[in-house]
Amino acid sequence: MDIVAHTLWAGAGLTLASRRAPVPRAAIVASLVLAALPDLLHLVPLVVWWLVGDGNFAALRQYMAALPGHEPAMPPAVHLWSHHLHCLMHSAPVAGLATVLLWPLRRIVKLPLLAWWSHIVIDVFTHSADYYAVPVLYPFTERGFDGVAWITPWFMALNYTALVAVGAWLLMTRKRSSCS
């Protein structure tokens, strides 16, 4: 799924959570960041290559919009780091270890961890074998589930229609503050 949709779905979940109990602003920000981070963190090696190496912004932009097999040429180390950061952030064992270590520490980390998990679970089913299958069991394997590629036009239309419907429902069902 695309970064915007991940963030919007996390926002919908946070809206529902805030109806049950107050959600601290820090938890909201951290949740929205963790909902998007798995698709952003792997760009760091490319940004470093652009800023301190011989890379350029055009290569970064081309990489961000590339179809599988059409990524721009880049140094092997940049490719390696980018690939492994992507795999780490989409890995259930890695997220599971982080959850086991962080969940008991503070209540504020629970929603951000759930936002990260939502990203992983959604991506497992919205990436295909032909379109960056998610290595959900990394580092044990880099194989991924063959789902529906989120970039498929009918799926994008369905996803954003569902987001609009959920957003409308959230707006219609919100409690209005009473004016005295």
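**View 1. His90 and its polar partners.** The side chain of His90 comes within 2.9 Å of the backbone oxygen of His86. A second polar contact joins the side chains of His90 and His119, at 3.1 Å. A polar contact is a pair of N or O atoms within 3.5 Å; within protein, one must be able to donate a hydrogen and the other to accept it, and residues adjacent in sequence count only if both atoms are side-chain atoms. This is a predicted model, in which local features need pLDDT of at least 70, side-chain atom pairs count only at pLDDT 80 or more, and totals for chains, interfaces and linings use all residues. Residues are numbered from 1 along each chain as its sequence is written, and side-chain values use heavy atoms, with hydrogens and water left out.

View 2. His90 sits in the loop between helix 5 and helix 6. Helices (H or I, at least four residues) and strands (E, at least two) are DSSP runs, numbered from the N terminus. Is His90 buried or exposed? His90 is buried, because its relative accessible area is 0%; buried means under 20%, exposed over 50%, and partly exposed in between (1.4 Å probe, protein chains only). Leaving aside residues up to four places away in sequence, His90 touches Pro38, Asp39, His119, Ile120, Asp123, Val134, Pro135 and Val136. Contact here means heavy atoms within 4.5 Å.

View 3. With a relative accessible area of 0%, Ser91 is buried. Its contacts, not counting residues up to four places away in sequence, are Ile120, Pro135, Val136, Tyr138 and Pro139. Phe140 belongs to the loop between helix 7 and helix 8. Phe140 has a relative accessible area of 69% and is therefore exposed. How far apart in space are Phe140 and Ser91? Their C-alpha atoms are 9.6 Å apart, while 49 residues separate the two in sequence.

**View 4. Helix 7 and its buried residues.** Helix 7 has 16 residues, and its first and last C-alpha atoms are 23 Å apart, close to the 22 Å expected at 1.5 Å a residue. The expected span is 1.5 Å times one less than the number of residues. Pro112, Leu113, Ala115, Trp116, His119, Ile120, Asp123 and Val124 are the buried residues of helix 7. They pack against helix 1, helix 2, helix 5 and helix 6.

**View 5. Helix 1 and its N-terminal cap.** Asp2 caps the N-terminal end of helix 1, with a side-chain oxygen 3.3 Å from the backbone nitrogen of Val4. Helix 1 (residues 3–20) has 18 residues and should span 26 Å at 1.5 Å a residue; the distance between its end C-alpha atoms is 26 Å, so the two values agree. Buried residues in helix 1 are Ala5, His6, Ala10, Ala12 and Leu14. Which helices do the buried residues of helix 1 pack against? Their partners are helix 2 (25–36), helix 7 (110–125) and helix 8 (153–172).

**View 6. The chain around these details.** The chain has eight helices and zero strands. Its C-alpha atoms fill a box of roughly 65 × 40 × 30 Å along the principal axes. Of its 180 residues, 34% count as buried. Among contacts between residues at least 6 apart in sequence, 60% join residues at least 24 apart.
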